[in-house]
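Take a moment with the sequence and the structure below.

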Amino acid sequence: MLIFKKNIYEDDTRIPVQDADPGLAQLNIPGFLQNSLEETRRCLSTGGKAQEPPAPNELAGSFPRAHRFGDGAILQALCHNLLAGHLDPNAWYRMNSYHFCILYDSILRHGYNYNHQTGEEKLRQYPELSGKLLRVVQLVDRIFYNTGFLMDEDTFDVLTSREKEEMGFNCPGLFGVVHGLAPAPDELELQRQQGYPYSIAV
């Protein structure tokens with residue numbers, strides 16, 4: 001399971017959708033993330049030796065942030081590791097900025113595709129949303145503990161270490177993502193967390 005700002009694997013982490021009454025139409029976040037990552041995996045799949053991997057301009061269109069630091073193979077490896085970690089019920093995994101960035105692009109892409117479907121298609125894909133539009137930015141705000149990877153290089157580089165710390169920009173790999181540097185092999189991997197990663201209310 002992946003570690004976010006909140007435990008998305010608990011039942012109380014649903015989020016309301018646009019114009020919904022409280023508790024009316026709520027998103028199954030783990031299912032949405034799984035579908036987002038599976039859609040990304042299909043988009044990045046070469047589909048066999050005869051098919052060419054996605055061209056750089058195709059990557060830029062589908063993954064406007066993540067394409068800056070990785071080609072199709074790198075993004076596919078990150079996606080594979082995220083999906084494996086997400087579906088592992090026996091362990092918790094910490095993500096770095098590379099993982100958060102590709103996941104962000106995946107969520108926005110999948111959410112955009114959902115919001116532009118017909119009402120029937122929406123109901124078929126996510127019946128719990130009752131055909132309503134999904135506020136994707138609200139979902140990101142709910143589960144990501146920071147989005148420092150969205151910052152441009154110039155803004156990031158003028159911040160002092162203290163300012164970055166105060167803004168919560170302490171996620172591993174952030175410098176590389178902001179500057180479009182390819183991840184090292186170990187940065188493709190999720191980091192296994194020992195024990196339960198969230199505070200337990202007593």
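This is a predicted model: local features need pLDDT of at least 70, side-chain atom pairs count only at pLDDT 80 or more; totals for chains, interfaces and linings use all residues.

Set aside its neighbours within four places in sequence, and F4 is in contact with L33, M95, F100, L103, I143, F144, Y145 and Y198. Find each of these partners in the structure.

The largest nonpolar core has 53 residues. F4, L75, L103, I107 and F144 touch the most other members of this core. The largest share is that of α4, with eight residues.

Now look at α1. How far apart should its ends be? The helix has 16 residues, and at 1.5 Å a residue it should span 22 Å. At the start of α1, a side-chain oxygen of N28 comes to within 2.9 Å of the backbone nitrogen of G31.

Which residues of α1 are buried? They are I29, P30, F32, L33, S36, L37, E39, T40 and L44. Keep the geometry of a helix in mind here. An α-helix has 3.6 residues a turn, so residues three or four places apart point the same way. The cover over the buried residues of α1 includes α2 (56-62), α3, α4 and α6.

Next comes the packing of helices. Two packed helices are described by the angle between their axes and the distance between the axes. Take α1 and α4. Their axes are 9 Å apart, and the helices pack at an angle of about 95 degrees. That angle makes α1 roughly perpendicular to α4. On the α1 side, the contact is made by F32, L33, N35, S36, L37, E39, T40 and C43. On the α4 side, it is made by I102, L103, S106, I107, R109, H110, G111 and N113.

Helix α4 also packs with α3. Here the angle is about 95 degrees and the axes are 10 Å apart. Therefore α3 and α4 are roughly perpendicular to each other. L75, L78 and L82 of α3 meet Y98, H99, I102 and L103 of α4.

Zoom in on S106, a residue of helix α4. Is S106 buried or exposed? Its relative accessibility is 1%, and buried means under 20%, so S106 counts as buried. Its side chain reaches the backbone oxygen of I102 at 2.8 Å. Not counting residues up to four places away in sequence, S106 touches S36, L37, T40 and F63.

Compare D154, which lies in helix α7 (residues 153-158). Its relative accessibility is 63%, and exposed means over 50%, so D154 counts as exposed. D154 and V178 are 24 residues apart along the chain, and their C-alpha atoms are separated by 9.5 Å.

Finally, step back to the whole chain. It has 202 residues, and 44% of them count as buried. The secondary structure comes to nine helices and two strands. Read along the sequence, the pattern is α-α-α-β-α-α-α-α-α-α-β.

Conventions: Residues are numbered from 1 along each chain as its sequence is written. Side-chain values use heavy atoms; hydrogens and water are left out. A nonpolar core is a set of buried Ala, Val, Leu, Ile, Met, Phe, Trp, Tyr and Cys residues joined through side-chain atoms within 4.5 Å. Buried means under 20% relative accessible area, exposed over 50%, partly exposed in between (1.4 Å probe, protein chains only). Helices (H or I, at least four residues) and strands (E, at least two) are DSSP runs, numbered from the N terminus. Contact means heavy atoms within 4.5 Å. The expected span of a helix is 1.5 Å times one less than its number of residues. A polar contact is a pair of N or O atoms within 3.5 Å; within protein, one must be able to donate a hydrogen and the other to accept it, and residues adjacent in sequence count only if both atoms are side-chain atoms. Axes are lines fitted to C-alpha atoms, for helices over the stretch in contact, and angles run from 0 to 180 degrees between N-to-C directions. Angles under 35 degrees count as roughly parallel, over 145 as roughly antiparallel, 65 to 115 as roughly perpendicular and the rest as oblique.
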